[in-house]
Amino acid sequence: MSCEGGTEDTSGVVGVPCPVPIDQWDVAAQLSYWAFHERRRNAYMRYAYLQLGSDADAEEAVDQTFDRVMDHWLRMLEMENLEGYAWTILKRRIIGMHRKRRRQPELMDTAAFEAALADHADDPYDRLTDAITLYAAVRDLSERQRDAILLHYGMDLTTADAAEVMGTQAATVRSQIRTGRRRLATMLKLRCPEHPEGENCS
């Protein structure tokens with residue numbers, strides 16, 4: 001796609017301005033971008049790995065995300081929900097990685113999910129040892145429910161921190177977790193009718 005002075009992926013829009021290189025930004029904009037990069041990169045990497053099951057794929061998706069964020073940063077600074085916009089970019093890059101590898105988008109690698117949940121033993125949901133069953137159930141949740149469950153249980157973020165990463169409200173994340181847990185309980189009970197608390201079949 002063409003832009004003034006070069007090329008850029010503009011989703012079909014022709015003649016839009018090219019991104020301003022970061023070294024031409026004012027100091028405040030540069031500092032704000034790098035602060036965002038430092039604040040979010042680790043969480044983005046962990047989330048991408050849970051989704052892709054590969055360090056290399058996760059790193060590529062996150063690098064592409066921050067490249068895209070950098071391209072739009074000056075405009076993003078004027079947005080009401082900068083975090084939500086960046087989160088959407090990350091999720092699109094993850095879908096792009098699945099397509100690049102000619103895989104259907106899935107929730108996450110089973111082994112990665114099992115490892116992510118291994119250290120959580122205080123909550124009844126964390127005592128589910130059949131990771132494959134739980135993986136399949138989580139995959140059937142709505143997108144927002146999956147994200148809330150992943151960030152809170154898979155990455156051990158507080159609901160407030162998960163909300164900040166997703167660019168939403170903590171109350172919304174708590175609601176998605178509650179709804180997701182109810183759906184998980186229902187699905188797991190169907191799979192394990194002899195365990196009314198939704199525990200592991202064995």
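Thr159 lies in helix H7 of a predicted model. The protein chain has eight helices and three strands, arranged along the sequence as β-β-β-α-α-α-α-α-α-α-α.

- Setting aside neighbours within four places in sequence, Thr159 is in contact with His152, Ala170, Val173, Arg174 and Ile177.
- Helix H7 covers residues 159-166, and its buried residues are Thr159, Ala162, Ala163, Val165 and Met166.
- Viewed down the axis of H7, these buried residues fall within an arc of 160°, so they line one face of the helix.
- Gly167 follows H7 and has a positive phi, near 75°.

**Helix H6**

- The buried residues of H6 are Gln145, Asp147, Ala148, Ile149, Leu150, Leu151, Tyr153 and Gly154.
- After H6 comes Asp156, with a positive phi near 60°.

**Nonpolar core**

- The largest nonpolar core contains 44 residues.
- Within this core, the residues with the most contacts are Phe36, Tyr44, Tyr47, Val69, Trp73, Trp87 and Leu151.
- At least two residues of the core come from each of H1 (27-52), H2, H3 (82-100), H5 (131-139), H6 (143-154), H7 and H8 (170-191).
- H1 gives the largest share of the core, nine residues.
- Phe36, one of the residues with the most contacts inside the core, is in contact with Tyr44, Phe66, Val69, Trp73, Leu82, Glu83 and Ala86 when neighbours within four places in sequence are left aside.
- Among these contacts of Phe36 are Tyr44, Val69 and Trp73, which are themselves listed with the most contacts inside the core.

**Asp55 in helix H2**

- Asp55 is placed in helix H2, which covers residues 55-76.
- The relative accessibility of Asp55 is 57%, so Asp55 counts as exposed, the cut-off being over 50%.
- Not counting residues up to four places away in sequence, Asp55 touches Met45 and Tyr49.
- Asp55 and Met45 are ten residues apart in sequence, and their C-alpha atoms are 8.4 Å apart in space.

**Nonpolar surface patch**

- Val20, Leu74 and Leu77 form a nonpolar patch on the surface.
- Together, Val20, Leu74 and Leu77 have about 220 Å² of accessible area.
- Leu74 is found in helix H2, the helix that also holds Asp55.
- With a relative accessible area of 35%, Leu74 is partly exposed, because this value lies between the 20% and 50% limits.

**Whole chain**

- The protein chain has 202 residues, of which 41% count as buried.
- The accessible surface of the protein chain comes to about 11200 Å².
- Carbon and sulfur atoms account for 49% of that accessible surface.
- Of the contacts between residues at least 6 apart in sequence, 62% join residues at least 24 apart.

Definitions and conventions: Residues numbered from 1 in each chain as written. Predicted model: local features only at pLDDT ≥ 70, side-chain atom pairs only at ≥ 80, totals over all residues. Heavy atoms only, no water. Buried < 20%, exposed > 50% of the residue type's maximum accessible area, 1.4 Å probe, protein only. Helix = DSSP H or I, 4+ residues; strand = E, 2+ residues; numbered from the N terminus. Arc of directions from axis to C-beta. Contact = heavy atoms within 4.5 Å. Core = buried A, V, L, I, M, F, W, Y, C linked by side-chain atoms within 4.5 Å. Patch = residues over 30% accessible without salt bridge, like charges linked within 9 Å, V, L, I, M, F, W, Y side chains within 5 Å. Areas by Shrake-Rupley, 256 points an atom, 1.4 Å probe, with all protein chains shown as cover. Salt bridge = Lys/Arg side-chain N within 4 Å of Asp/Glu carboxyl O.
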